[in-house]
Each structure stands twice: as structure tokens, then as C-alpha cells.
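Here's a quick briefing on charge pairs and strand pairing. Have a look at the model first, then go through the notes below.

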Amino acid sequence: GGLIILINRPYIVGDRVQIGDNYGEIVELGLISTRLQTPGDSIVTIPNSIAVKEAISNANSGALYCQVQIPLYVSVRADHRRAREVAMESVLSSPYLNPGLPVKINVREKWQDGAYLELNVKAYVFDARNEFDFMTDVTERFKDSFDGEEFSR
């Protein structure tokens with residue numbers, strides 16, 4: 001497994017990956033195992049024989065920046081156009097945003113214990129290590145700006 005990982009290079013040290021149920025930054029690659037550091041600062045050791053059998057999602061593939069997805073939720077009665085506008089303002093005003101890369105916001109209606117709108121924000125940070133700071137910053141900016149608004153429907 002280790003040789004396959006070292007030859008195919010699905011990830012390198014510094015990449016932010018999802019391997020099975022484990023997500024984090026690759027901190028060590030070895031012949032026998034791969035170690036990653038979770039956002040909660042735990043070190044997870046994954047045997048390479050297992051890693052090669054799992055689907056691997058790589059958020060930054062060797063680049064310092066990475067795409068971050070941020071789900072934001074509002075009532076179905078909310079003005080969805082205004083919600084998108086506030087979400088975009090929240091993203092563009094974040095100091096973590098990499099403004100040289102695209103920002104995309106998708107809106108869809110969902111139903112789980114009641115109807116609501118989900119705004120799925122996709123944007124890039126300069127440094128993958130700021131992924132969760134960016135998520136928090138955008139969510140707080142959105143809530144501060146949008147929560148007090150009147151519903152239009």
C-alpha cells in the first residue's frame with residue numbers, strides 16, 4: 001500500500017484530505033502508514049493497506065489554497081435573492097478569502113423536520129489551514145447581517 005501511495009501520490013504532506021471517515025492535513029507519509037492531523041488536533045494513523053482501498057478526497061492537491069464549502073440556512077419565507085446577496089457580501093468581506101479565485105453560491109430548498117433554504121457557498125482561502133476560520137467568519141458575518149432582516153414571503 002505504501003509503495004502505491006508513494007508512486008501514485010494521491011496526496012502529499014500538507015494536503016487536506018478525506019480518507020474514509022477521517023479528515024485532516026497529511027503530516028507524514030510512510031511505507032506502512034499515513035498520518036493526518038484532524039481539525040481537532042488529533043493525529044490519526046491510517047494503514048496504507050486501508051488507505052489504498054478507500055476513496056480519497058483531496059481538497060488542495062499540493063496547493064496552499066483550497067476550496068471551502070459553507071452551508072448557510074434560512075427560512076423558506078426569507079427573500080432568497082437577498083440571502084444570496086448577504087452571503088456574497090459576507091464572503092467577499094472575509095480576510096481569509098482568496099479573491100483571485102471564483103466564488104459560487106447555490107440555493108436549494110430542502111425538507112427535513114420542516115422546509116428551509118440552504119445556501120451552499122463555495123470559495124477559496126489563501127491557506128488551507130484557515131479553512132475553519134473562514135467558515136466561522138463567513139457564517140458569523142452572514143448571521144449578523146441577515147438574521148435581523150424581515151421575511152418577504
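Let's start with Arg35, which is partly exposed at 29% relative accessibility (buried means under 20% relative accessible area, exposed over 50%, partly exposed in between, with a 1.4 Å probe and protein chains only). Glu28 also counts as partly exposed, at 41% relative accessibility, and the side chains of Glu28 and Arg35 meet in a salt bridge, 3.7 Å from N to O. Keep in mind that this is a predicted model, where local features need pLDDT of at least 70, side-chain atom pairs count only at pLDDT 80 or more, and totals for chains, interfaces and linings use all residues. Residues are numbered from 1 along each chain as its sequence is written, and side-chain values use heavy atoms, with hydrogens and water left out.

**Salt bridges**

- The structure has nine salt bridges, each being a side-chain nitrogen of Lys or Arg within 4 Å of a carboxyl oxygen of Asp or Glu.
- As background, side chains of opposite charge can pair when their charged atoms come close.
- Arg16 pairs with Glu25, and the closest N and O atoms sit 3.6 Å apart.

**A bridge between two strands**

- Arg108 and Glu118 form a salt bridge, with 3.1 Å between the closest N and O atoms.
- Arg108 belongs to strand β7 (residues 104-111) and Glu118 to strand β8 (residues 115-125), so this pair ties together parts that are 10 residues apart in sequence.
- Strands here are DSSP runs (E, at least two residues), numbered from the N terminus.
- Arg108 is partly exposed at 47% relative accessible area, while Glu118 is buried at 8% relative accessibility.

**The five-stranded sheet**

- Five strands make up an open sheet in the order β4-β3-β2-β1-β5, with antiparallel pairing; two strands pair if DSSP finds at least two bridges between them.
- The edges belong to β4 (43-47) and β5 (56-58), each with a single partner strand, so one side of each has no neighbour in the sheet.
- On average, neighbouring strands of this sheet are turned by 40° against each other, direction ignored; the axes are lines fitted to C-alpha atoms, and angles run from 0 to 180 degrees between N-to-C directions.
- Strand β1 (residues 16-19) pairs with β5 in the antiparallel sense over three bridges.
- Val17 has Asn58 in β5 as its bridge partner.

How values were computed. Helix = DSSP H or I, 4+ residues; strand = E, 2+ residues; numbered from the N terminus.
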